[in-house]
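Student: I'd like to go through this one with you and check each label against its cut-off. Can we start?

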Amino acid sequence: MKLIKLVVLLSISGLFSVLNAQALKVGVVNVSQLLEQVPQAQAATVTLQNEFAENQRVLIALQSELQQLQARYETDAPVMAQAARTTLERQLTQAQRDFEREQAIFSEDLNIRRNEELTQLQTMIFEQIQLFAASGNFDLIVADALYYSDVIDITDELLDAMQELFASN
C-alpha cells in the first residue's frame, strides 16, 4: 500500500515538473472594447441608421400629426359641439394607438436587426481571435478576465488586425 502511494506521488510530481517545464503562451482580450472600437461595429451602426431612416421619418411624421391633433383638440374642444368633440376625441385616440403601434413595430424591428448585426460582429471577432491565436501559437486566450497584466493583453493587436481586415474589404 505504501508502495502504491509512493508511485502515485512520484507520478504526480513528475507530471507537474513536465507541465512547469513547458511555458504557456497566454493572451487576454477585452471583447467589449473590441465591440465598441472595431470599424465593423461603426459600419454596422451606419447600415442600421440607413436601413431604418425611412421608418424613423414615418414615426416622426405620425408624432407630428398626433401633436397637431392634440393641439387642435385643446384649443377647439371647449367651443365644439358635443358630437364634433366626440369625433375628434376618437380620432385622437385612434391616432395615439396608431403611433404607439408603429413605434412598437419600429422598436421591435430595430432590436431584431441590431441583434443580428451584433451576432454577426461577435462571430467575426471570435473568428479573428481564433486566427490570431493559431498564428501566434497561443496556448490559451481568455476573454474579459477580471484581472490581467498589460503584458498578456492582446486587445490592441486584435483591434489592429480587425482594422486591417476592414480596410481590405
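Student: What makes Phe-52 and Phe-106 buried or exposed?

Tutor: Phe-52 is buried and so is Phe-106, because buried means under 20% relative accessible area, exposed over 50% and partly exposed in between, with a 1.4 Å probe and protein chains only. This is a predicted model, where local features need pLDDT of at least 70 and side-chain atom pairs 80 or more, while totals for chains, interfaces and linings use all residues. Residues are numbered from 1 along each chain as its sequence is written, and side-chain values use heavy atoms, leaving out hydrogens and water.

Student: Why is Phe-166 called partly exposed?

Tutor: Its relative accessibility is 37%, so Phe-166 counts as partly exposed.

Student: Which residues does Phe-166 touch, not counting those up to four places away in sequence?

Tutor: Pro-39, Gln-40 and Ala-43, where contact means heavy atoms within 4.5 Å. Ala-43 is 123 residues from Phe-166 in sequence, yet the C-alpha atoms are 9.5 Å apart.

Student: What makes Phe-52 and Phe-106 an aromatic pair, and which kind?

Tutor: The ring centres are 5.9 Å apart with 85° between the planes, so the pair is edge-to-face. Rings of Phe, Tyr and Trp (its six-membered ring) pair with centres within 6.5 Å; planes under 30 degrees apart count as stacked, over 60 as edge-to-face, the rest as tilted.

Student: How far is the charged end of Lys-25 from the centre of the Phe-138 ring?

Tutor: It sits over that ring at 4.6 Å; the rule wants NZ of Lys or CZ of Arg within 6 Å of the ring centre and within 35 degrees of the ring normal.
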